[in-house]
Each structure stands twice: as structure tokens, then as C-alpha cells.
Amino acid sequence: MSFDLSSRLAERRAAHLYRQRPLLESPQGVRVTVDGQALLAFCSNDYLGLANHPEVIDAFTRGARQWGVGGGASHLVVGHSEPHHQLEEALAHFTGRPRALLMSSGYMANIGAVTALVGKGDTILQDRLNHASLLDAGLLSGARFSRYLHNDPVSLASRLEKAVGNTLVVTDGVFSMDGDLADLPSLCATARAKDAWVMVDDAHGFGCLGRNGGGIVEHFGLGMGDVPVLIGTLGKGFGTAGAFIAGSEELIETLIQFARPYIYTTSQPPAVACATLASLQLLRDEHWRRDHLQQLITQFRAGVAELGLELMDSPSPIQPILVGSSARALALSAALREQGILVTAIRPPTVPQGTARLRVTLCAAHSEDDVGQLIAALKHALTKLPEQTHD
Ligand SMILES: *Cc1c(COP(=O)(O)O)cnc(C)c1O
């Protein structure tokens, strides 16, 4: 027997679930060239418009001149350089925690933190809609793994009753495909009552939420007692690459000893850390980016509601339009693209069956005119589409 890859691929195509990678032929931004076409994009996670910011680019190039390109080795061998260390100190200060640990990606940060903290004989409880990297981390940990109903402290509490060993409760801060916020005040109180630890992956909250861009914990005014393990990623609002875990001295030392995706990988290029130091400053100090985003969110939600489309309960720059069938989501995305607008259709298994959507994301670099164009294009796309398109 050989692997029958062709029928697997054919099945995926027939189910409207086949994935293709748009080829980006310009820098990241709200105006991009994709597959030869100039498009206005509403699907990047570069929420603050920092990925191609001149000061960030400048810090990166100066960093490369001073530090070279490759990290050269893992952090524990000889790959932990001064820019990495400075960035960790700046991120600790930014999050108001004693220490932060720089990781090469958010996926690895999640696998590393979870597997270093729980194992056989322990319990991990996760929101049903958590990011794939958290679910993978839970499976890999070997701990008893159960998923509670989305954002539901009652469902969490009933699972906590049956928990054994050390118990870790894990949630996205801002849910990546829905844009809604974790109800952290309730979830943290519920976990605390059972001596469970809470870990929050705030990949989409940093930069967007909180007065200083400190994310969901700043938004709710929560500290390390509520959320002992705080994860941020640097490839989204920060506009660079990598991730961090912030917490107590003991937490970070534990991760340095036991987190395998930290130990067994090459450090990120130091120049990337130089770039992140510059973007952190912009993210924290340029409040206008968050204020402008809020205006765009309000404008977009009002416009889409008028079209009779179904929005999700989201106060964040992630503003998905719920479509339902994968075929219809693809058709809407294609109709927008014909009008020069790029919004990707998100389909199962990234989201639950029957909840395919256009995941619109807004960016501080968008103008009100841009959002107006998107709404007009949606209106036009709807007139061209049959009422129902079945999968
Ligand atoms: C994007 C994302 C990650 C992964 O981060 P990378 O740095 O891109 O690997 C982790 N968690 C959530 C919630 C994300 O949206």
C-alpha cells in the first residue's frame, strides 16, 4: 500500500475546504499586491500598521549591521544576545511582571509553557474555541485534557470539580476567529477558588486593548495573581516576529529549565529583537493607533448591520462576518476580490462546521474611506450572490 494522497486532496477540494496561499508581492500593509493584482486588504493581523513602519525597519537594519543575521545557537548555548535580553527586560516592564521570556513563535510559546507546567497526573482545561496551538499543547502535555463551553465559567467550574493534580486553565484573550474577549474576571475567580492557575494567550489583545496596549489583562485590570502565565505574540500587533511569556521569577526559571521548544531551538535573529524594541515603543506610546481603530470598528459595525449581515459579538479589530457554508464564504470572498478587496474566507476545521466566515480585520493604517469602500463592495457582492449557496 502506498499513501493515497491524491484522493485525500480531491476530497478536500470537493468539500470547498481546499487551501491555497495567496502570493504577496509587496510589503505587508493595507494596500498590497497579491498574485499580480493591487488590492485593499482586510485580513492581516498587523493591527497597528507596524510591520512596515520606517522606525521598525530602521531598528532592524541597524540591528543586522551590529549583530549580524543568524541567532547562531540556542539561548542556553551561545545564542542569547544583548538585544534578546534587553527585549525581555522591556517586555517584563511593559507587562508589569518580574520577568519575561522571549520565544521564537507563539506556537512554540504555547507548547513550551503548557508542557513545562502540566503532565501526566495533572489537568488542563481549555475553552472550546482556543487557538490550535493551545489545543495541540494540551494533547502533547499528557495531562487530562477537557474543553469547557466557550467563555462559560459554569462549564469551567463543573470541570474543575473533577480535576486532579496541578490544574491549568487556558484561554485565548481575544478569540482569534471570533474577535470576542474572554470573560477573564469570572474565569479567573472560578479558577482561583479551586487553586487552578490561569494561562492567557493574548496574541490578538496586545497593542489593541488596554490604554497602553497591554492587552486584555490591562483592559480588565488583572494582575499576576489572577493570570500567573501571560503569553503575547510579536507577529501581530507588534508587527515583527516571535512571542513572549511573562510571569514570576520562578515561572521563567522553570521554563528555561523545562520548556523544550525554548531549549531545543535556535534563538530568533537578534535584529528582530532590535525591531521589536522599536515597535514596542510605538505600540505603547502612540495611543492614536488604538483610538483610530476604535473609530473604524464602530463605523464598520454600523455599516454592516445596515446590510443585514451577521456580525459577531466583537469589540476588537477582528470583525468576522458569519456566513455559514464554506461555498458561500468563498463566493463572497471572490466577489470582493473582483472589486479589488482582499478578505479571506475562514472555513472548517479552523472554525466549527457550518460557521464559515469572512474574517475581516481592521488596521490603524486603514482610513474611513477604506472602510467605506469595503462596505460598498460587500453591498455589491450581496446583490450578485444567490440567496443560498450550499456546500
Ligand atoms: C497566531 C496565534 C498564535 C501563534 O503565534 P505565532 O507567533 O504566529 O506562532 C498563538 N495563539 C493565538 C491565539 C494566535 O492567534
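Guide: Start with L378. Setting aside neighbours within four places in sequence, L378 contacts F300, V304, L307, L309, I321, L336 and L358. Contact means heavy atoms within 4.5 Å. This is a predicted model: local features need pLDDT of at least 70, side-chain atom pairs count only at pLDDT 80 or more, and totals for chains, interfaces and linings use all residues. Residues are numbered from 1 along each chain as its sequence is written, and side-chain values use heavy atoms, with hydrogens and water left out.

Visitor: What makes a set of residues the largest nonpolar core, and which members touch the most others?

Guide: A nonpolar core is a set of buried Ala, Val, Leu, Ile, Met, Phe, Trp, Tyr and Cys residues joined through side-chain atoms within 4.5 Å. The largest one here has 77 residues. F42, L184, F238, F300, L358, L362 and L378 touch the most other members. Helix α15 (residues 368-384) gives the largest share, 6 residues. Helices (H or I, at least four residues) and strands (E, at least two) are DSSP runs, numbered from the N terminus. At least three core residues come from each of domain 1 (14-48 + 287-384) and domain 2 (54-285). Those bounds come from an automatic or database domain assignment. A second, separate core has 26 residues, including A113 and V118.

Visitor: Why is C188 called buried?

Guide: Buried means under 20% relative accessible area, exposed over 50%, partly exposed in between (1.4 Å probe, protein chains only). C188 has 2%, so C188 is buried.

Visitor: How many disulfides are there, and how do you know?

Guide: The structure holds 0. A disulfide is a pair of cysteine sulfur atoms within 2.5 Å. The sulfur of C43 is 11 Å from the closest cysteine sulfur, in C363, so that is too far for a bond.

Visitor: What makes β2 and β12 a pair?

Guide: Two strands pair if DSSP finds at least two bridges between them. Strand β2 (residues 37-41) and β12 have 2 bridges, in the parallel sense. A41 stands opposite L342 in β12. The open sheet of 3 strands runs in the order β1-β2-β12, with mixed pairing. Its edge strands are β1 (31-34) and β12 (341-342), each pairing on one side only.

Visitor: How do you know which feature belongs to K236?

Guide: An unreviewed UniProt entry places "modified residue: N6-(pyridoxal phosphate)lysine" at K236. UniProt positions use the numbering used here, feature names are shortened, and annotations may be inferred rather than shown by experiment. K236 lies in the loop between β8 (229-233) and β9 (243-247). Not counting residues up to four places away in sequence, K236 touches N45, D46, Y47, A203 and H204.
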